[in-house]
Amino acid sequence: MTKKTSSRFLKAVIAVIIVVAMPRLPLRADDAVNGPALMQRVRDDIAWVGKLESFHLMARIEERRTPEGIEHSLKQIKKQFEVDQPDPQKFTELLPETNLRLELDFDARRMRYLLLHRDASNRELWRETRLWDGRRSLYHVEDFREATDRAVFRADTSHVTGSFWGWLGYLNHQPLVCWWNDNAKQHQERREAYGDATDFVLVDRENYHGVDCHVLLDARGNWSDRYYVGVKDGRWYGAKSGIISFANLPKFAETQQRLVEEFLGRSLGANPSNEVWNAVHQELTALSPARRGAWGKRQYSEVGKRFTPCWEFWFSDFRDLGEGRFLPFRETRLAFDHDEEKGEGRKIFVSDQRTLFVRKLTLNQPLDDRLFDEPIAAGATVVDETAKP
């Protein structure tokens, strides 16, 4: 090897080392800051999960229900089931506190999901296991309150894939691609469910649970879902999704019509029909990126930021897992509800708070085969659907 060749080789090695070891760079002041770019960065931040050889997570979930939430659930249960004194052990939404143990595992061909529910005294209520062992899937539920045990086998992964990330909001609310959902049909389903990065517009800047964040608005549907992305690091810190009620927005319909008319430059007339509003929705959906951003900011500043969501969640305690990979080890979610009153007299309240704490996380290590060997006790009800087409 000549000195010149050796020099080129050394530079190439250094370049590879720099690429591999390069930490995640913070956003610079001159970076393009817009909705699509920020949302794409958020999605790129989780892509590493789908490229892992294996994943093992254990977490504790604490659920706390408010007195208003329990009272509301009690009224609904009495009405639906026609019972005077419903048993909180059966209707666990009446318990002030429940705790759960969550385990998630996958490798190149297997998946496993376990959820164990307990009450405040640590009494086990029920255990739910979903797994795919490479040949068939199993959905196994043991209800310790009623001493029932049921197991269902299938020849596909449907038992597991649909709800695998359901309790882990950071990965469940973004279109994460893994080996079990990497095909054309599921790519299309994810686009419909989560939207493309181009569907998000930058509308504001706010402090979100202690973090300076850009506010992104999902420009599909009713323009209500808000995503919060860190100004400093471009990291996703949470979202508010849905609208639980318009009760806290006096004359919302009139205000919304005025905003639309001012923005589109024409009158919608008195009491616009559903057909008129459907046409308006289609027109707003088809706006150019610049006009879409303008509408998003206008709508958000006057009414959108005041929407009470169905759910509000935020992520914290981010851990550096190496190689530019980060994951929040704490997630908090608030659920909102309302009483049965109509109109502006309706009361909106927080019904429960859920907090998830990651206790253990192991990446790219061989999984114990015993995790996928789920015992079925004698006397359990077993349904075998593996022969179905």
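**Polar and aromatic contacts**

The side chains of Glu128 and Arg130 make a polar contact with each other, at 2.7 Å. Please bear in mind throughout that this is a predicted model. Glu128 belongs to strand S4, which covers residues 124–132. Its relative accessible area is 11%, and because the limit for a buried residue is under 20%, Glu128 counts as buried. Leaving aside residues up to four places away in sequence, Glu128 touches Tyr113, Leu114 and Leu115, and also Tyr139, His140 and Val141.

I turn now to the aromatic residues. How many aromatic pairs are there? The count comes to 25. One of them joins Phe106 and Trp180: the ring centres are 5.2 Å apart and the planes stand at 75 degrees, so this pair is edge-to-face. Phe106 is in strand S2 (residues 97–106), while Trp180 is in the loop between helix H5 (169–172) and helix H6 (184–194), so the pair ties together parts that are 74 residues apart in sequence. Both Phe106 and Trp180 are buried.

Trp223 and Trp295 form another edge-to-face pair, because their planes are at 85 degrees, with 6.5 Å between the ring centres. Trp223 sits in the loop between strand S8 (211–218) and strand S9 (226–230), and Trp295 in helix H9 (residues 289–302), so this pair ties together parts that are 72 residues apart in sequence. Trp223 is buried at a relative accessible area of 4%, and Trp295 is buried at 1%.

Ring pairs also link a cluster made up of Tyr170, Phe200, Tyr227, Trp236, Tyr237, Phe313, Phe315 and Phe318.

Which rings have an arginine over them? Arg235 lies over the face of Phe326, 4.3 Å from the ring centre. Likewise, the charged end of Arg291 is placed over the ring of Phe263, at 4.1 Å from its centre.

Phe263 brings me to helix H7, where it is one of the buried residues. H7 runs over residues 252–264, 13 residues in total, and reaches 18 Å from its first C-alpha to its last, close to the 18 Å expected at 1.5 Å a residue. Its other buried residues include Phe252, Leu259, Val260 and Leu264, and Thr255, Gln256 and Gln257 are also among them. Against what do the buried residues of H7 pack? They pack against helix H8 (274–285) and H9. After H7 comes Gly265, with a positive phi near 75 degrees.

Note on methods. Residues are numbered from 1 along each chain as its sequence is written. This is a predicted model: local features need pLDDT of at least 70, side-chain atom pairs count only at pLDDT 80 or more; totals for chains, interfaces and linings use all residues. Side-chain values use heavy atoms; hydrogens and water are left out. Rings of Phe, Tyr and Trp (its six-membered ring) pair if their centres lie within 6.5 Å; planes under 30 degrees apart count as stacked, over 60 as edge-to-face and the rest as tilted. Helices (H or I, at least four residues) and strands (E, at least two) are DSSP runs, numbered from the N terminus. Buried means under 20% relative accessible area, exposed over 50%, partly exposed in between (1.4 Å probe, protein chains only). A charge sits over a ring if NZ of Lys or CZ of Arg is within 6 Å of the ring centre and within 35 degrees of the ring normal. A polar contact is a pair of N or O atoms within 3.5 Å; within protein, one must be able to donate a hydrogen and the other to accept it, and residues adjacent in sequence count only if both atoms are side-chain atoms. Contact means heavy atoms within 4.5 Å. The expected span of a helix is 1.5 Å times one less than its number of residues.
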